[in-house]
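Trainee: I have a model open on my screen and would like to learn how to read it. Could you walk me through it?

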Amino acid sequence: YLQDSLQTPEKPKKEFTKESVAQIGAFDNPYYTEARILAMTKQDSAAFAFVKELLDSGFAYKNILLNDPAFERLRKTKKWINLLDGHSFPVPGKNDEPQKKIDYSGVKYRIPGSD
């Protein structure tokens with residue numbers, strides 16, 4: 001059923017630093033994927049549980065949580081606001097790149113049974 005899905009882009013072919021390996025690990029976090037699917041299929045309680053696990057596992061990309069359209073409906077709830085406000089995200093250092101808003105408009109997901 002995933003034959004028509006987009007191929008996963010290749011990771012950049014460059015020397016990986018300790019920090020870049022940590023970032024790749026954060027984006028490969030299964031809690032994020034599960035939370036997205038649950039949010040998109042309107043299983044809110046389970047989605048919140050996985051977002052909490054995601055944050056507890058060290059996910060530090062607040063801008064992604066605030067901009068990912070999968071969580072749009074949940075972001076309007078008091079539970080979401082309390083969950084993110086209750087978590088301390090790292091403060092970017094003076095040499096860190098500013099976090100940019102990610103354009104998700106070209107990303108398409110197909111969840112079997114949700115059509």
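This is a predicted model: local features need pLDDT of at least 70, side-chain atom pairs count only at pLDDT 80 or more; totals for chains, interfaces and linings use all residues.

Trainee: How many helices and strands does the protein have?

Mentor: Six helices and zero strands, in the order α-α-α-α-α-α along the sequence. Helices are DSSP runs of H or I with at least four residues, strands are runs of E with at least two, and both are numbered from the N terminus.

Trainee: How do I describe two packed helices?

Mentor: Two packed helices are described by the angle between their axes and the distance between the axes. Here, the axes of H2 (residues 30-40) and H3 (residues 44-56) come within 8 Å and cross at roughly 160°. Axes are lines fitted to C-alpha atoms, for helices over the stretch in contact, with angles from 0 to 180 degrees between N-to-C directions. That makes H2 roughly antiparallel to H3 (angles over 145 degrees count as such).

Trainee: Which residues of H2 and H3 meet?

Mentor: From H2, Tyr31, Tyr32, Glu34, Ala35, Leu38 and Ala39 meet Ala46, Ala47, Phe50, Val51, Glu53 and Leu54 of H3; contact means heavy atoms within 4.5 Å. By class, this contact has ten nonpolar, no polar and two charged residues. Nonpolar covers Ala, Val, Leu, Ile, Met, Phe, Trp, Tyr, Cys and Pro; charged covers Asp, Glu, Lys and Arg; the others, Gly among them, are polar.

Trainee: And how do I read the sides of a helix?

Mentor: An α-helix has 3.6 residues a turn, so residues three or four places apart point the same way. In H6 (residues 78-85), Trp80, Leu83 and Leu84 are buried. They cover an arc of only 90° around the axis, which puts them on the same side of H6; the arc is that of the directions from the helix axis to the C-beta atoms. On the other side of H6, Lys78 and Asp85 are exposed. Buried means under 20% relative accessible area, exposed over 50%, and partly exposed in between (1.4 Å probe, protein chains only).

Trainee: What do the buried residues of H6 pack against?

Mentor: They pack against H3, H4 (62-67) and H5 (72-75). The buried residues of H2 also pack against H3, H4 and H5.

Note on methods
Residues are numbered from 1 along each chain as its sequence is written. Side-chain values use heavy atoms; hydrogens and water are left out. Angles under 35 degrees count as roughly parallel, over 145 as roughly antiparallel, 65 to 115 as roughly perpendicular and the rest as oblique.
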